[in-house]
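Before this model is used further, here are some remarks to read alongside the coordinates. They are set out as numbered points, starting with the chain as a whole.

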Amino acid sequence: MAKSWYPVIDYCSCIECGTCVSFCPHGVYDKDKAPSPVVVSPERCIDHCHGCGNKCPVGAINYVGDDTGWIPPNGEKGETESVPCCCGEAGENDAKVVLIQYLYLDLSTCDRCIGADAVLEEVLLTISPALETAGYHTKLEKVEISSEELAKEYRFLASPTIRVNGQDICESVQENACGCCSEISGTDVTCRTFAYKGQTYEVPPKAMLAEQILKTALGWESSGCGCGDYALPENLKNFFAGKTAKDSYCCGGNCR
Ligand code: SF4
Ligand code: SF4
C-alpha cells in the first residue's frame, strides 16, 4: 500500500522561506536542500498532521489523501479540524479529531489480533458517543501490516498495536510466544501482551482500552510518541521471511 498522506508543495506560491523544512520533526523534508522544501521521505509523514501546512506563510502546502476539509491557512491556524502530529504543535482546534489506528499482522486466524479487534470495536461503540458529546470526532483506521515495507512505513514494533493520535497506548513493548503467528510464518514469533493492573493479557481488557484511549485522546496522558529512530524488529523480519517462504513452498506461489 502506498503512503496515503504527505505534503505536496505548490512551487508557484512557495517563497522558499524554509519554515516547513525546519518545523517538521520527522525528516519528511530534505534538510540539505533547505530553505527549498523538498519532500524526501513521504513515508515518515504522520497521517492527518497539518503541522507544516499550518506554518506556511503563503498557503503553499496541501496533503495527498486529505479529505478533512482543511484549507491552507497562510500561517494562521485554520478553523477546520486536524489531527496533530504527536511531535508537532497542536492548536486549539487540532485536538478535536481522535484518530485511532489498529495495526495488526493477521485478522483471519490470529486469536490475539482478532480478539483485540473485537474489543476495540466494542470499546469504541461505547466511548465514541461520549467523546462526540465532548466535541471530539473519532476515526478508526485499521491496517494489516502485510510486509516489511508497510511495517517500516508505520514504524510498527509489535502486533497488535493501537495508537491514538499517533501515540501507542502502551508505554513499552511486551511480548510472548504467539502460536497463531508462528503457525502462519512457520517460525517462532512473539506478539504483544498488555499489562493492566498487575496482570498480563494477550487480548487487552475492555477497561484498559477505554481508559487508555480516553486518557490519550483527552490529553491527560502521553505514552510517548513513536517518532524516534526506528528499526524493524528481528521478530517481525522473521515473521515476514517465514510467511513468504511458507506461502511460496506450499503452492509454488501460484495458488492466489
Ligand atoms: S504534516 Fe507533519 S509530519 Fe508531515 S511533513 Fe508536515 S510537519 Fe512533518
Ligand atoms: S513554509 Fe511554505 S513558503 Fe516556506 S518553504 Fe515551506 S512551502 Fe515554501
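1. Overall burial and contacts. Of the 256 residues of the chain, 33% count as buried, and its secondary structure comes to seven helices and nine strands. Among contacts between residues at least 6 apart in sequence, 63% join residues at least 24 apart.

2. Confidence. This is a predicted model, and the chain averages a pLDDT of 82, with 83% of the residues scoring at least 70. Over residues 77–84, however, the pLDDT is below 50, although the model gives this stretch 33 contacts beyond near neighbours in sequence. Residues 86–95 likewise stay under 50 in pLDDT, and for them the model has 25 contacts beyond four places in sequence.

3. Ligand 1. The shell around ligand 1 holds 13 residues, of which C24, C45, C49, G51 and C52 come nearest. By class, this shell has nine nonpolar and four polar residues, and no charged ones.

4. Ligand 2. Around ligand 2 there are 15 residues, with C14, C17, T19, C20 and C56 the closest. This shell divides into 12 nonpolar, two polar and one charged.

5. Helix 3. The 23 residues of helix 3 (residues 111–133) reach 34 Å from the first C-alpha to the last, which is close to the 33 Å expected at 1.5 Å a residue. After helix 3 comes G135, with a positive phi near 95°.

6. Two residues in the covering helices. Leaving aside residues up to four places away in sequence, C180 touches T109, C110, D111 and R112; from D111 it is 69 residues away in sequence and 6.9 Å away in space, C-alpha to C-alpha. T216, in helix 6, is buried because 23 other C-beta atoms lie within 10 Å. T216 and R163 are 53 residues apart in sequence and 9.1 Å apart in space, again C-alpha to C-alpha.

7. Backbone geometry to inspect. Most residues other than glycine have a negative phi, and most peptide bonds are trans. Against that background, a cis peptide bond joins A34 and P35, with omega about 5°, and P35 is found in the loop between helix 1 (19–23) and helix 2 (51–55). The peptide bond from S159 to P160 is also cis, with omega near -10°, and P160 lies in the loop between helix 4 (148–153) and strand 5.

8. Where do E16 and K197 lie? E16, whose phi is near 55°, is found in the loop between strand 1 (6–9) and helix 1, and it is partly exposed, with 14 other C-beta atoms within 10 Å. K197, whose phi is near 50°, lies in the loop between strand 8 and strand 9 (199–201), and it counts as exposed because it has 9 C-beta neighbours inside 10 Å.

Terms used
Residues numbered from 1 in each chain as written. Chains lettered and ligands numbered in written order. Predicted model: local features only at pLDDT ≥ 70, side-chain atom pairs only at ≥ 80, totals over all residues. Near = placed C-beta within 6 Å. Nonpolar A, V, L, I, M, F, W, Y, C, P; charged D, E, K, R; others polar. pLDDT = per-residue confidence, 0-100. Contact = placed C-beta atoms within 7 Å. Helix = DSSP H or I, 4+ residues; strand = E, 2+ residues; numbered from the N terminus. Expected span 1.5 Å × (residues − 1). Buried ≥ 20, exposed ≤ 12 C-beta atoms within 10 Å, placed from the backbone.
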